[in-house]
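The model and sequence follow.

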Amino acid sequence: MEFNNNIPIYIQVIEKIKQEIVTGKLKSGEKMPSSRDYGNELGINFNTVARVYKEMEMEELLFTKRGLGTFVTESEDRVGQLRYEMAKKQIENFIFNMKQIGYTKEDMIKFIETENYTEGDE
């Protein structure tokens, strides 16, 4: 994983894991690598991974079974909520950026409606 120096690493790792959860790359109930193993895989300190796991537990996206490890949430509702939150953030960023270049709400709607999509995007 390549990191952006302007954003704390733990936040970037959280976003990566969230993306993998909503896209199904990480399955419901799947066991996460140990902090040490995941840290080695990403090339970061295992304490950073432990912080990521703790933060994600507070968001109810991961849970720990003592002695067994850390797992992806089994709550489909929570995953759906996360997907919605991520989509909303993308839309908010899109609207902000489009306004920055002079698009009105009507312009944005027209742009979206007339934009050509590649097969599989709809």
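Three aromatic pairs are counted here, where rings of Phe, Tyr and Trp (its six-membered ring) pair if their centres lie within 6.5 Å; planes under 30 degrees apart count as stacked, over 60 as edge-to-face and the rest as tilted. Take Phe63 and Phe71. Their ring centres are 5.7 Å apart and their planes meet at 25 degrees, so this pair is stacked. Phe71 is buried, at a relative accessible area of 11%, whereas Phe63 is partly exposed, at 23%. Buried means under 20% relative accessible area, exposed over 50%, and partly exposed in between (1.4 Å probe, protein chains only).

Now Tyr103 and Phe111. Their ring centres are 5.9 Å apart and the planes stand at 75 degrees, so this pair is edge-to-face. Tyr103 is partly exposed, with a relative accessible area of 28%. Phe111 is also partly exposed, at 33%.

A word on the basis of these values. This is a predicted model, with residues numbered from 1 along each chain as its sequence is written. Local features need pLDDT of at least 70 and side-chain atom pairs count only at pLDDT 80 or more, while totals for chains, interfaces and linings use all residues; side-chain values use heavy atoms, with hydrogens and water left out.

Step back to the whole chain. The protein chain has five helices and two strands. Helices (H or I, at least four residues) and strands (E, at least two) are DSSP runs, numbered from the N terminus. Their order from the N terminus is α-α-α-β-β-α-α. The C-alpha trace spans about 55 × 35 × 25 Å along its principal axes. The radius of gyration of the protein chain is 18 Å, while a compact globule of 122 residues would have one near 14 Å. That radius is taken over C-alpha atoms, and the globule rule is 2.2 Å times the number of residues to the power 0.38. Buried residues make up 26% of the 122 residues. Of the contacts with a separation of 6 or more, 48% join residues 24 or more positions apart. Contact means heavy atoms within 4.5 Å.

Next, the strands. E1 (62-65) pairs with E2 (residues 69-72) in the antiparallel sense, over four bridges. Two strands pair if DSSP finds at least two bridges between them. Phe63 has Phe71 in E2 as its bridge partner. The two stacked rings thus belong to bridge partners. Leu62 has Val72 in E2 as its bridge partner. In a regular strand the side chains alternate between the two faces of the sheet. E1 and E2 form a hairpin with three residues between them. Gly67, in the turn, has a positive phi of about 80 degrees.

Most residues other than glycine have a negative phi. Glu60 is not a glycine, yet its phi is positive, at about 60 degrees. Glu60 is exposed, with 55% relative accessibility.

Two charges sit over rings. The charged end of Lys65 is over the ring of Phe71, 5.1 Å from its centre. Arg36 lies over the face of Phe46, 4.0 Å from the ring centre. The rule asks for NZ of Lys or CZ of Arg within 6 Å of the ring centre and within 35 degrees of the ring normal.

What holds the most contacts inside the largest nonpolar core? The residues are Ile17, Ile21, Val52, Tyr53 and Met56, in a core of 21 residues. Helices H1 (9-22), H2 (35-42), H3 and H4 each give two or more residues to this core. H1 gives the most, with six. A nonpolar core is a set of buried Ala, Val, Leu, Ile, Met, Phe, Trp, Tyr and Cys residues joined through side-chain atoms within 4.5 Å. Not counting residues up to four places away in sequence, Ile21 touches Leu26, Met56, Leu61, Val72, Val79 and Leu82.

Helix H1 also holds Gln12. Gln12 is buried, at 11% relative accessibility. Leaving out residues up to four places away in sequence, Gln12 touches Met1, Glu2, Phe3, Asn4 and Ile7.

Finally, return to Tyr103. Tyr103 lies in the loop between helix H4 (76-100) and helix H5 (105-114). Apart from neighbours within four places in sequence, Tyr103 is in contact with Met98, Met108 and Phe111.
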